[in-house]
Each structure stands twice: as structure tokens, then as C-alpha cells.
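We will go stop by stop.

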Amino acid sequence: MSRLAGIRGALERNKTLRYVVYSVVIGVVSGLGACLFFVLLEWGKYFFLEYLAGYPLSKPGGEHLVTLERSPVFRRWMLLVLPAFGGLLSSFLVYRYAPEAEGHGTDALIDAFHNKNGIIRTRVPYIKGLASIITLSTGGSAGREGPIAQIGAGFGSWVARLLRMNVRERRLMLLAGCAAGLGAIFRAPLGGALTAIEVLYREDFETEGIILCIMSSVIANAIFISLFGQRPIFDIPPIHFANPVELLLYAVLGLVCVPFGFTYVKVFYGMRDYFFRKLPLKKALVPPVGGLMVGMIAYWRPEVMSGGYGTIQKALMGTLPVSLMLSLAVLKIVATSCTISSGGSGGVFGPSLFIGAMLGGAVGQISSTLFPQWVGNSGAFALVGMGAFFGGVAKAPIGALLMVCEMTGGYGLVVPLMFASVIAVLCSQGWSLYEKQVFNKFHSPAHRTDMVMNVLEDVKVRDAYDPTLAVTSLPQDMTFRELKRFMVHTRESFFPVVDDRFHLKGILSLQNVRSVLFEDSLAELLVVGELASPPVSVRPDESLYEALMKFLSSGYGQIPVEERDLGVVGMLRLEELMQAYHREIQRLRDED
């Protein structure tokens, strides 16, 4: 026990060491959770889609965990009912045990950071993981990033509560868990870390969490690739960017992503608000309805089922016709809305990659036909479309860019990725796929204290108190009898007690003398220095934030202002501090 107490004490004293240890713990837990999620998901997809339905599920080049043969008989009718069955089973789990696990998960993570002090209930990661595996395995159109982000964040929140961290640290552990989950399951440690701190805001980053997120993401990724290999998820042909004129076509791709992104967001939330929520059914019965609608689409186009990574792989290789890719982009929007907007459990990152890849592949093939001298490989446009589309709808261009590069190994396309993503983001400022995103830190409840603190730190004590007001100080050797005579002639109720050099020795308030006020026998025995409370003072060059902390810790309504050589030179009242704060806020508003 003594050794454990010593370790805990060392962690409390050293912030850097504490964060290193915590991020490693979260990385390990989230990495193992991502491994388990991936294994169960791959076997679930094999059992339902390949074994039961006999559907020839295509897979990306880097994900071939289950190599068993599928059923030789393709039972297309099962594609109609499997998503509804998965919706029924997952909704039973979610609405019975953890209702907050419904939907795509990332919004729940963002909401927990901004509005719930970084708290995610302990059961949520387990229910979310299991419900998402059921949804995706049975063909629901969704991604795995939302579930794994909420699962990792739930682990981070659980570790923070277990170690009794404060609210600020708990929020950071939440992000670290999210980054670890994303970095592991997508084999994208840097992209996962940056996405975790970027997705919270439309135009900001949670920069304080970057070190924790990178460390936990790297640890989780190392665990994941040690079990499943470090090959990127997608294989791509040898492609690179060399022709500057080609940027014009990538700009067109960025612009094409805008109306499709707008449609995606409006259909996604429109179906939730104006269709699924208005159905005269219990909430637990709505996801099966959405699943049945997905099944009707999948009966015609099975490619929209689950994450669709195998179809993305074909788009990257340039083997899909333009008409098919455009139709799949539209159908994926509808299928994803049916799955998640109805309350099904899954993410929106995977479908966003799918839609972007289809749009990019279509633009690439059309451009290759019209301008063969400019376009080197049409598959490159599919890769760029993945990053540009998600960056535009999620307002997370940097994280999306890096994740796409790490998932494909397509680092040679960083320039067109940046260019198309920025165009998509700039042209889609009016909407976001994540409702719980806030504009920046100043709009986040998580940073309200920071705003007050930053304002108070910019104002000094000398700017708040009035140095012309006389200070009524009491000598520390004044007798109690003299004090009572003095109190008859003053309206003050709070006095600094000083020595012969006017240096502060204590604080005397009426509360100090109330208990002995009528003890005449003590009139000559007690002196003011014995009645005074411990001294608290501020210097003129201290910030109002430091002064506020002293007000709160002491409980005083006034605090003496003391200079080293001059002693007590004034009094700072709490009302003056608040007035200075309001003046500074008004000044900042006027400047804006």
C-alpha cells in the first residue's frame, strides 16, 4: 500500500508523468477494445451476410480476417430482412440498457465533452459496441468510427472516474480514448488523434489534448497492428500528383462534394425529424422499420450494405462504371439515413468515405475521358473525394485528410487532398453532420471558466481598486477597549491589522469580535492582533484572477492591497473586481 501511495503521490506532483501514464493506460484499454470489436464485426459480417445470405461480400485489400468460403447459394431475399432483424435486436439492447448509445456515437462523444463534464456511463461502451456489431453485421448502412469513438471515449471516461480526476482531465481522457479507438481500428494513429481534437468544433481545435491523443493513439495502434498487421486498409495503384493543371479538376471535385454533402445532412436529419420520430411506434420498434427500408434498397443494390469498404476498394482501382458510382452515392445517403436516423447504432464516417469515393471516382472517370492529357489515374480522384467529402460535412479537413492518407498509403496525393478539402469546407459553412459541434472554444460550456479566467488575467489589481480612498488600518497592539470606542465612530466593518511599519499582520472583521463584544473583563487583556484572522493580501501587479482565487479561498469581502516597501496602500472590494470584469467584457464586445 505504501508503494502504491508513493506512485500516486509522484503522479499527482508531476503532470507530465501523470499524463504519460494515463495515456498509456487508455491506449492499452482502447486498443484491446478495438481489437475485440474488429474481430467480432468481421465474424459477424461473415456469418450473416456470407454464410446465411450467401452474398459475395467484397473486402478491401488490407482486411481479410475471415477467409472461410461463403455459402454457395445466394439468398437475395435475406438481404431484405437481415437489416430489419439487426435493427430489432440492436434497438432492444440500446433502449433497454443505454438509450444514449443510439445513433452514430460521435455526437454523443461531442455532447459528453461539451455538456456532460466528460462523463459517459460505464455500460455505454459495451452496449454501443455490441449494438453496432449487430447493425453492421446484418447489413445496416453505417460505419464503425462512431461506435469505436464512443467506445474508446467511454473507456477514457471510465479510467478518469476510476482515478478520480478533475473535470478538465476527465474531458481530456475522453478525447484520448476516442483517439486511441480511431487510431487503432483505422490504422491511422495521427489521423485518429487529430480527428478527436478537431471534430469538437467547426473552426477550432482542442489543442490541450493533442499530446494525450497522440500518445494513446500510438499505443492503441501498436497493439492493433501487432495482431492484424500494419498493411493499410485499402490497396491503391501507384498514383501521385505531378500535373498542376490537374488541380482545376480536383477543384471541381471539391465543388461537387458540396451539394451532395448538403443533401446528405438534410436527408439524414430530415428523415429523423419528419419521418422516423413521427411514426406511431415505440422507439424500440423504429430501427427495424429503418432496417427494412435499407433491406429494400439492398435487394436492388447490395453494395450499400454495411461499411461498403470493398466497393470503395473497387472505386480506388477505377473498376466501377460512372453510372453505378453516382447511383451508389445517392443510395448510400438514403440507406445511411434509414439506418442511423431511425435510431440504429453505427457511425457516419464510413458512409461519408463511401459517398466521397463514389463521387471522386465518377469525377475522375469523366475527367479522364474529357481530358486524358491531364488525368493520370481516375482512382486518385476517388481517394481525394473520400477526404474532401468528409472534411466538408464534418468540418474536420485535417483529421480526414490524414486518416485517408494512412488508410490508403496515398501520401503522394496530399496536395490535391488539401486543395479539394479546403474548397469543400469553405463552400459548406452553413451545415454540419455533427449537431453537437460548437463553433469554437468560446461557444463551448467546457471553456466557460477559461473565458472568465482569460479576461481576469488580462486585468491587474491596480486597474480595479481606488487608491485615493483612505484605508482604515488598526495597529496590532490596540486593546479591545480602544477598538470598541473606535467602532462607535466608523461605519467600516473590515480592517487590515498592521505593525509599526504598516505591514499587514492580519484581517479584522466584525465577525471576529462578535463573540466577545460584551465581555468587559477582557477589555484590557485582548489586543487586536489576537482577534484578527490570518492575513491575505494582493499586490497591485497581480491579476484579478489571482485576486478572485484569494477572495474565494478566504471568504473575505475585501482584501488589502499591499506593496512591499509601502505596506497596505488600499483595499480591493469584491464588487470592484466584478465591475472591472464587466468593463473588460464590454470593451471586448465593443472591439468586435
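Helices here are DSSP runs of H or I, at least four residues long, numbered from the N terminus. A pocket is an open set of grid points with protein on both sides, and its lining residues have an atom within 4 Å of a point. The model is a predicted one.

**Stop 1: the largest pocket**

Select P99, E102, G103, R272 and R277. Of the 32 residues that line the largest pocket, these lie nearest its centre. The space inside is about 650 Å³.

Now colour α4 (106-115) and α10 (247-274). Each of these helices supplies at least two residues of the lining. Which helix gives the most to this lining? It is α4, with four residues.

Colour the lining by class next.

**Stop 2**

In general, side chains of opposite charge can pair when their charged atoms come close.

**Stop 3: the second largest pocket**

The second largest pocket holds about 370 Å³ of space. Select L57, S58, G308, Y309 and G310. They are the closest to its centre among the 29 residues that line it.

Show α2 (15-52), α12 (309-316) and α13 (322-340). Each supplies at least two lining residues. The biggest share comes from α2, which gives five. By class, this lining has 14 nonpolar, seven polar and eight charged residues.

**Stop 4: helix α11**

Select residues 286-300. This is helix α11, 15 residues long. Draw a distance from its first C-alpha to its last: the helix reaches 22 Å, close to the 21 Å expected at 1.5 Å a residue.

Which residues of α11 are buried? They are V286, P287, P288, G290, G291, V294, G295, I297 and A298. Now show what lies over them. The cover includes α3 (76-97) and α13.

**Stop 5: salt bridges**

The whole structure has 14 salt bridges.

Begin with E63 and R187. Their closest N and O atoms are 3.7 Å apart. This pair links distant parts of the chain: E63 is in the loop between α2 and α3, while R187 is in the loop between α7 (167-185) and α8 (189-198), 124 residues apart.

Go on to E208 and R168. Here the closest N and O atoms are 2.9 Å apart. Again the pair links distant parts of the chain, with E208 in the loop between α8 and α9 (210-228) and R168 in helix α7, 40 residues apart. E208 counts as partly exposed, with 31% relative accessibility. R168 is partly exposed as well, with 40%.

Finish with R539 and E542. In this salt bridge the closest N and O atoms are 3.9 Å apart. R539 is partly exposed, at 43% relative accessible area. E542 is buried, at 4%.

**Stop 6**

Return to R187 and look at its backbone. Its phi is near 50°, a positive value in a residue other than glycine. R187 counts as buried because its 7% relative accessibility is under the 20% cut-off.

Then select K395, in the loop between α15 (379-394) and α16 (397-408). Where does its phi fall? It is positive, about 55°, although K395 is not a glycine. K395 also counts as buried, at 3% relative accessibility.

**Stop 6: S378**

Last, select S378. This residue is in the loop between α14 (349-370) and α15. Is S378 buried or exposed? It counts as buried, at 16% relative accessibility.

Show its contacts, leaving out residues up to four places away in sequence. S378 touches G318, G360, G364 and Q365.

Technical notes. Residues numbered from 1 in each chain as written. Predicted model: local features only at pLDDT ≥ 70, side-chain atom pairs only at ≥ 80, totals over all residues. Heavy atoms only, no water. 1 Å grid on protein atoms, 1.4 Å probe; cavity = no way out; pocket = protein on both sides within 12 Å on 5 of 7 lines; lining within 4 Å. Points joined across faces, edges and corners; volume = space filled by probe spheres on them. Nonpolar A, V, L, I, M, F, W, Y, C, P; charged D, E, K, R; others polar. Expected span 1.5 Å × (residues − 1). Buried < 20%, exposed > 50% of the residue type's maximum accessible area, 1.4 Å probe, protein only. Contact = heavy atoms within 4.5 Å. Salt bridge = Lys/Arg side-chain N within 4 Å of Asp/Glu carboxyl O.
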